[in-house]
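Please keep the sequence and the model in view while reading.

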Amino acid sequence: MSQNTDKNLSRRAALSLGTAALAASTLPAFATPEASLKDLAAAKGLRFGTAIGMKMYADPKVRDLVIRECNIIVPENELKMYVTHNENPKDYNFKPADELLAFAETNHIAMRGHNLFWARDEFTPQWLKDYKFSGKAEAEKLLRDYIAKVADHYGDRLTSWDVVNETIDPKTGEVRENAFSRVLGMDTMRIAFEATREHLPKTQLAYNDYMSWEAGNELHRKGVLKLLHWFRDNKVPIDALGVQSHIGNGFDLLGGQVNQWKDFLDEVVSLDLDLLITEFDVDDQTIPTGDIEQRDAIVATVGRVYLDQMLSYKQTKDVLFWGMPDQYNWLQGFTPRADKLPLRPTPFDAEFKPKPLYDAIAAAFKTAPQR
């Protein structure tokens, strides 16, 4: 085995972790801490939180959970263009996001913005996909006007923004074509970041994507690094990389390439960028056993290894799940298990009780270096 593979959470090493977790006698004695996750995170200069959509928000138990455990939230879909600007070039809808922000501010919780430009046609309003631009000037004006409208509406009330989301095609490693790029090319992203910085000079600006650490993500990671270097070479005002962290989604949950992931993160931070865990969950779709205790142990083990590596970088400032408890996580409908059992990808079960993953997160926060 090569030295490079030895340093990785190789398939063999990962399987040994999973096998150990499967044995009930070897499970760690999880003891839920008295402190909340937000307090444990804050003690190290971190923030812990979750995505929350209107369906979740309608559940008072979710609101109570967020107040107790989180010091940052992000709207699940409520700030995407297909919500805020879906009908036509003139009308805007900020009502859902405004309601979430009011909740956050009332409870002294920070809120991120997600996202100003989702660079994929399938998530673009139909009117924009059908729009016939007269040329580059009109396309740039429409993009700048949209960003100005949203940015000015919220101002400094949001702590950071995912300015561009998922522009790298994981199959090719290249920038996707979309409604704006077909007219503006790569300038689409420069314009988006410049327009956001113009209206939000003090807000953290991020590029957000789902390249992951498992085998099979190599081309995606390479494409993201190429894009980040392009940002720096072209003096694009960017502050952070949003690392979505949907662990195991579409890939082998036990296939984390620890050493290659370190190389990736090292290169990101060498560009003077912060790291944000923006959409964390641990997909247990492919764990063969239906035994809840065993599945939870594997999820906690992999989650802890991943968090320990991410938090070893002082540039990592936020850890947000993409919806919790389990029944409100997007994976329930996106990657259902073959045995039809509910997925268990978040720190809380359907009864809002903490699971081993909760304790793994708490332990990772406790051992993380101070920011």
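Pro325 lies in the loop between β10 (316-321) and α15 (331-334); helices (H or I, at least four residues) and strands (E, at least two) are DSSP runs, numbered from the N terminus. Met324 and Pro325 are joined by a cis peptide bond, with omega about 10°. A cis peptide bond also joins His114 and Asn115, with omega about -5°, and Asn115 belongs to strand β4. The model is a predicted one, in which local features need pLDDT of at least 70 and side-chain atom pairs count only at pLDDT 80 or more, while totals for chains, interfaces and linings use all residues. Residues are numbered from 1 along each chain as its sequence is written, and side-chain values use heavy atoms, with hydrogens and water left out.

Glu166 has a positive phi of about 55° although it is not a glycine. This residue sits in the loop between β5 (160-165) and α10 (181-184) and is buried, with a relative accessible area of 6%. Buried means under 20% relative accessible area, exposed over 50%, and partly exposed in between (1.4 Å probe, protein chains only). Phe352, in the loop between α15 and α16 (356-367), has a positive phi near 70° and is buried at 14%.

## Helix α7

Helix α7 (residues 95-106) reaches 16 Å from its first C-alpha to its last. This is close to the expected 16 Å, the expected span being 1.5 Å times one less than the number of residues. Its buried residues include Pro96, Leu100 and Phe103. Seen down the axis of α7, the buried residues fall within an arc of 155°, so they line one face of the helix; the arc is that of the directions from the helix axis to the C-beta atoms. On the other side, Lys95 and Thr106 are exposed. Just after α7, His108 takes a positive phi of about 60°.

## The largest nonpolar core

A nonpolar core is a set of buried Ala, Val, Leu, Ile, Met, Phe, Trp, Tyr and Cys residues joined through side-chain atoms within 4.5 Å. The largest one has 100 residues, and Phe48, Tyr207 and Phe365 have the most contacts inside it. Helix α9 (residues 136-154) gives the most to this core, with eight residues. Another core, of five residues, lies apart from it and includes Ala51 and Trp322.
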